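Work through these exercises with the structure open beside you. Try each task before you read its solution.

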Amino acid sequence: MSSQPRPTQRAGPSVSTTVTEEPPLLAVDNLHTTFTTERGDVPAVDGVSFAINEGEVFGIVGESGSGKSVTALSLLGLADGATVTADRLCFRDEDLLAKDEAALREIRGNDISMIFQDPMSSLNPVMTVGEQIAEVVRHHGDVGESQSLFAELRRKYVTGTSESSASWQRAVELLDTVGIPDPADRANEYPHQLSGGMKQRVMIAQALAGDPDLIIADEPTTALDVTIEAQILNELLDLRDEFGVSIMLITHDLAVVRETCDRVAVMYAGEMMETADTRTLFEDPRHPYTRGLIDSIPRTDDDREWLDAIEGNVPDPTAKPQGCPFRTRCDAAFSLCEEPLVAYSAEEPGHRTWCHLYNDAVANDGDEVQRVDDAEAKQLIQEHEASDDLVTPQRPNFGGEYR
Amino acid sequence: MGMRRYIAKRVAHALVVIYIVATIVFFAVRAIPGDPARVLLGGDASAEAIAALREEMGLTEPLYVQYIRWMGRILQGDLGTSVFSDQSVLQMLIGVAEPTLSIAGLGMLIALLIAIPAGITSAVKQYQWEDYVATTVSFIGISMPGFWIGIVLLIIFADRLGWVPAFGYVSFRQGIIPWLKHIILPALAVGLPYGGILMRMTRSSMMEVLNEDYMRTARAKGLDGRLIVFKHGLQNALIPIVTVAGILLGVLLGGVVAVEIVFGIQGLGRLLIASIQRRDFPAIQGAVILISFVFVFMNLLVDVLYTSINPQIKYGGSE
């Protein structure tokens, strides 16, 4: 298997990088996930909106604590102790928030499955990997094997899972699909007998076992070393091509995004900063935070002595600043930044930026700006433009071409 | 290393432990103030009579000679003869072991049958009424010593309600029901404190397991709640519990001694205490060896069980 980086735009079945007529596979609009703690309410996810189309690899990128994982868990009702609300949370036009636990169980594993960050701790240490996959096959329900509590416990403690059962055979097939050698033998092994990369392949096989439409991969390669990372990412992309499954890839690594994702959303402190197709995001980043992230990636043609880091830290989620959460670290911050964030669309379809720099009023020098401190805003914008030559060949001009 | 070799090695270890225990007991009983010959003959015996009895009991010889002789006899399976009753110690032990092991065994069974389901319920229904009931009951169990629980049970079930006899022991050979009637209260008395501790252990262990990543994986697979708890959680939660259950067995055996006295049962514990009072060296030594034998081999059983519920443990490590 090749570990070379893939081109960003790839020809896969039904890959669409533009907004299409047909409804998206997953539509999330204004998602809020709030944890109630002793120190007060923590808005881990604070108004996130995105859509994932069929066969698409959609990246969510952000720093630790930016709410990427909680977003994923919220979709499946797995965010324990949190209150989840949204204007829209639809999978194939079915409202996920309206579903009770039993209905969600039918979705989990079957329609939407998950791969977690740490394969060392995400597989059950006392069950063979074959059985852990086979039980998903049984849950998917087309092999006609009982999965009542009694049947499952008897299988686990008395008879063992029969190697001639359809679910076990399917598990072995899946292990083969994800590139595990000697799958029939490996199926009988326990997780601790496998390497980290193997374990993550088992997780992928498990995620595939229910024949899902969407796989949520939450930092699937963070716990692995770089060579294995490339293999696992390629494996995921191959599976997308083979099965047409959509993938929601959560990562903190923009390099991973560039190599794998069709479209990407940038999150910060539980809020959306920018979303665009991957090429646009890298070639024409509009949000100061996105630019900061891209600047902090080392490049092969680097003549910089120091990488450009973003000063400061993610704000404490219990004490987030009003308005844009990034404004305390943002070089381009101006008075309007204290207003609640709204999305500003760019020319490129699907490119949206949650940054008041793209407010028509600011950009057009219109009347509205009088309401905020106009002089300060202009000065900040000028400084912002002046400091920006390094990364943005096509600097945004504020000439009113943004919708 | 295979299962068989592992067990052989562990049995050898166990025998060494028992040997060390026997040696310590041999010297310890001889360090207790009080002369067995004087205790046996009473306060007004003549010095000559005592000296003659000491000679007869072999107590005049140097300690190391006594030790080597005793060890030699033990290796031949001879635990000696009771100074007090002239009975073979082995015979005495066989007579008293049955009631003690019956009480301890049933007590442990009761403890496990109550503690593990209660602990799981408590962890799954954390901070709900089931949890409060279970933790309160277990706290009561932990707080009261076994003999006190025994007295309370005696007053309620034997004296007031008259459901079971208050005293004595009937062998299971005379019928399972009478046997159970005689040992149920003592078994509860030793089992409840033991079960209380085990329940707390199960609760905390299960709560820890419920927060593990693989439990979240199981939920993300769409499995239902009971399947997640019993198929994915229970075996992992049992790993630390099995270890503790083996170690706590010593607590349980200790509890039996006091409970036998409360219920007037001629068991190992009563024999041991009576023998210490009489300075009956062979009987003390025999009783302690038997207790350490039971304890060591129960722990061996626990370890074998442990390797089978935790696939990450290989027999005897990476040799």
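**Exercise 1.** Find how the side chains of Glu101(A) and Arg108(A) meet, and state how exposed each residue is.

*Solution.* This is a predicted model, so read each distance as a computed value.
- Step 1: Look at the pair. The side chains of Glu101(A) and Arg108(A) form a salt bridge, 3.0 Å from N to O.
- Step 2: Apply the cut-off. A salt bridge needs a side-chain nitrogen of Lys or Arg within 4 Å of a carboxyl oxygen of Asp or Glu.
- Step 3: Check Glu101(A). Its relative accessible area is 37%, so Glu101(A) is partly exposed.
- Step 4: Check Arg108(A). Its relative accessibility is 1%, so Arg108(A) counts as buried.

**Exercise 2.** Work out which parts of chain A are tied together by Asp262(A) and Arg240(A).

*Solution.* 
- Step 1: Confirm the bond. The side chains of Asp262(A) and Arg240(A) meet in a salt bridge of 2.9 Å, N to O.
- Step 2: Asp262(A) sits in the loop between α10 (254–260) and β10 (263–268) of chain A, while Arg240(A) belongs to helix α9 (residues 226–243), so the pair ties together parts 22 residues apart in sequence.
- Step 3: Check burial. Both Asp262(A) and Arg240(A) are buried.
- Step 4: Turn to a network. Salt bridges with shared partners join Glu131(A), Glu135(A), Arg138(A), Glu152(A), Arg155(A), Lys221(B) and Lys231(B).
- Step 5: The whole structure has 29 salt bridges over all chains.

**Exercise 3.** Find the nearest side chain of opposite charge to Asp280(B), and list what Asp280(B) touches.

*Solution.* 
- Step 1: Locate the residue. Asp280(B) is in the loop between α11 (268–277) and α12 (281–309) of chain B.
- Step 2: Look for a partner. Arg278(B) is the nearest side chain of opposite charge, at 4.8 Å.
- Step 3: Compare with the cut-off. A salt bridge must be within 4 Å. Asp280(B) has none, yet Asp280(B) is buried.
- Step 4: List the contacts. Leaving out residues up to four places away in sequence, Asp280(B) touches Ser82(B), Val83(B), Phe84(B) and Ser275(B).

**Exercise 4.** Examine the positive phi angles of Asn30(A) and Asp182(A).

*Solution.* 
- Step 1: Start with Asn30(A). Its phi is about 55°, though the residue is not a glycine.
- Step 2: Move to Asp182(A). This residue is not a glycine either, and its phi is about 45°.
- Step 3: With a relative accessible area of 52%, Asp182(A) is exposed.

**Exercise 5.** Describe the nonpolar surface patch that includes Ile155(B).

*Solution.* 
- Step 1: Name the members. They are Phe147(B), Trp148(B), Ile151(B), Ile155(B), Ile156(B), Leu161(B) and Trp163(B).
- Step 2: Give the area. Together they have about 670 Å² of accessible area.
- Step 3: Pick one member. Ile155(B) is in helix α7 of chain B, residues 146–160.
- Step 4: Ile155(B) has 41% relative accessibility, so it counts as partly exposed.

**Exercise 6.** Outline chain B as a whole, from its helices to its domains.

*Solution.* 
- Step 1: Count the elements. Chain B has 12 helices and zero strands.
- Step 2: The C-alpha trace spans about 85 × 60 × 35 Å along its principal axes.
- Step 3: Of the 319 residues in chain B, 45% are buried.
- Step 4: Take the surface. Chain B has about 15,900 Å² of accessible surface, and 67% of that belongs to carbon and sulfur atoms.
- Step 5: The assignment gives domain 1 (3–75) and domain 2 (92–309).
- Step 6: Relate the domains of chain B. Their C-alpha centres lie 32 Å apart. In the contact between them, 22 residues of domain 1 meet 16 residues of domain 2.

Conventions:
Residues are numbered from 1 along each chain as its sequence is written. Chains are lettered from A and ligands numbered from 1 in the order in which they are written. This is a predicted model: local features need pLDDT of at least 70, side-chain atom pairs count only at pLDDT 80 or more; totals for chains, interfaces and linings use all residues. Side-chain values use heavy atoms; hydrogens and water are left out. Patches are made of residues with over 30% relative accessible area and no salt bridge: like charges are joined within 9 Å, nonpolar side chains (Val, Leu, Ile, Met, Phe, Trp, Tyr) within 5 Å. Accessible areas come from the Shrake-Rupley method with a 1.4 Å probe; for residues, only the protein chains shown count as cover. Helices (H or I, at least four residues) and strands (E, at least two) are DSSP runs, numbered from the N terminus. Buried means under 20% relative accessible area, exposed over 50%, partly exposed in between (1.4 Å probe, protein chains only). Lys and Arg count as positive and Asp and Glu as negative; His and the chain ends are not counted. Contact means heavy atoms within 4.5 Å. Domain bounds come from an automatic or database domain assignment.
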